[in-house]
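User: I would like to go through this model with you and learn what stands behind the words used for it. Could you take my questions in turn?

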Amino acid sequence: MKAAPPILALTGLFAGPLMAAPPGVSPFAGLAQSPPTGDSGKTTVRPGNQSIIAQSTILHDGETWTLLPKGAVLYTPPSRQANVDAKPVGKLLTWNEFLVKNRAWIGTQEVDLDQAAGKRLIPEDRLQAWSKQNQVIVAVYLSGPISLVSPPSESITTTAQNP
Amino acid sequence: MKSTLALAIAIAGCQLPLLAGSENYTNFVRQYQQGTGVSWDMQNVAAKGAATALAGLEANGALFQLWTIDKEEGTDYLLDQKTVGAYLPKAEVKVVTLDPYEKFPRTRADKPFTVNITVGDLLAGTTGLPLASTSVLAEHHVVLYQEDEMSIPSGSPTAGTPLASGYITTNGLTALPFERSTIQPADGKNPAGEEHFVVHALSDGSIAQTQIAAGFVQVWPVASGSINGITEGQRIAYDPPPLTLVLNDLYPGSYSYLRIRHVASGTTKRLEQSRFVLSQEPTHTDKLITVSDYNDELSGEGTYNFELVTETPFGAEVLSSVSIEVDRVLQIRAQMTGVE
């Protein structure tokens, strides 16, 4: 197999601020066309068609809603199941606005980055406290909702339903 | 290591930059840590400004996405995204055109523009470097607007296979001059669209997305027009006939009018009732103008040139021209005879 030409040699031919191409030829033709050593040419990951709403957990209070990263809800009491993972209908509020409006049924749990990454668990006594409250608990870091790699919500919900 | 993320409402479509600063929209910045999978929402995102990102950029980097969401409709738009990491290079894409419009770069299909790609933090000269630190991949994507549309869904322009691409392996500015847009008329259609330029880091598979910079230019078609109601060389003896001016694919912010020049005297006038200024953010770019009373502009005899003119950031251009003859002199042929 013939070796690809050295990248440095190719870029030397096209060095300089302006890379004018002949008429009808894309200026990109003046860039190095061979991938560097180690690149299979398939390492580009394009954004594609995305939706932040589809990538989020929706909280809804009946007339307004907000969105959180999936995995940010740590605990959902049975009475608030309908308020979590709801449809985004009505007016959108920021997290702070929604929290202020719904302080009665939303609580927050400050976590650190190790807890968010699953390297350290949230203390057991916090989990037990949530199960006795009637609030949706959201993990936050620097006041912003943050996802946990392994949210404890499922195990707490099961415990609350089967004390 | 904390990093300060400079937020800018970036270019992602015709109307999107106008939306993000509107009270009808709420902005979100979500940070995705590529190594741990943790995602975090930045709070109090203004239309423009700087904020501190989640502390501690990991070696695998973080993906930042700037979204805006319609508060009432619940429709989300991805305005910009960047992948940032300890071993990832930095890049900036800036498109420069002849149009001084400030909200985002735009041009006309037949006009030149330059794509300036500035790359930093590439490493060279030693072996064993992470792949991402040695070069970046630049891509060129082209998307046409659908008929009667002047925007495209966010994310879609750069999701597919690029039209062209190449690797940049040195830090500094790489300027790519385009003589004209890649979007050109075809099959009798005069399309508009966008040309997107994306810079990707080279991933070793550990990061979800590789885009580190992007820019785009909106491309508008070349205008055309016609003067209807009079024909070349037509002789006008009485009141001139009404005119219908047809203008197609006008450029945003353009100023169009009918100019009448009396050839013999050189006197030139712009017909007041024919003037038309197109909005900077138009929803329609065609115009029909009826001119019915312009007899006062043809007070003298002789040849008159009618020119349909449009003025744009690229200069003044004549879309159509017709010349007529105004001849109102009464000629009497008579013969004197005697009566006896």
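User: What makes up chain A in terms of helices and strands?
Analyst: Chain A has five helices and seven strands. Helices (H or I, at least four residues) and strands (E, at least two) are DSSP runs, numbered from the N terminus. From that end, the elements of chain A run α-β-β-β-β-α-β-α-α-β-β-α. A word on the basis: this is a predicted model, where local features need pLDDT of at least 70 and side-chain atom pairs count only at pLDDT 80 or more, while totals for chains, interfaces and linings use all residues. Residues are numbered from 1 along each chain as its sequence is written, chains are lettered from A and ligands numbered from 1 in the order in which they are written, and side-chain values use heavy atoms, with hydrogens and water left out.

User: How much of chain A counts as buried?
Analyst: Of its 163 residues, 44% do. Buried means under 20% relative accessible area, exposed over 50%, and partly exposed in between (1.4 Å probe, protein chains only).

User: Why is Leu144(B) called partly exposed?
Analyst: Its relative accessibility is 44%, so Leu144(B) counts as partly exposed. The residue lies in strand S10 (residues 136-144) of chain B.

User: Which residues form a nonpolar patch with Leu144(B)?
Analyst: Val142(B) and Leu163(B) do, and the three have about 250 Å² of accessible area together. Such areas come from the Shrake-Rupley method with a 1.4 Å probe; for residues, only the protein chains shown count as cover. Like charges are joined within 9 Å, nonpolar side chains (Val, Leu, Ile, Met, Phe, Trp, Tyr) within 5 Å.

User: What makes S7(B) and S9(B) a pair?
Analyst: Two strands pair if DSSP finds at least two bridges between them. Seven bridges join S7 (residues 90-96) to S9(B), running antiparallel, so the pair meets that definition. Lys94(B) stands opposite Asn116(B) in S9(B). Seven bridges also join S9(B) to S12 (residues 172-178) of chain B, again antiparallel, and here Asn116(B) stands opposite Ala175(B).

User: How covered is S9(B)?
Analyst: Mostly: six of the eight residues in S9 (residues 113-120) of chain B are buried.

User: Why do S15 and S21 of chain B stand at the edges?
Analyst: The open sheet has the order S15-S17-S21 (chain B), with antiparallel pairing. S15 (224-228) and S21 (287-291) each have a single partner strand, so one side of each is left without a neighbour in the sheet.

Note on methods: Patches are made of residues with over 30% relative accessible area and no salt bridge: like charges are joined within 9 Å, nonpolar side chains (Val, Leu, Ile, Met, Phe, Trp, Tyr) within 5 Å. A salt bridge is a side-chain nitrogen of Lys or Arg within 4 Å of a carboxyl oxygen of Asp or Glu.
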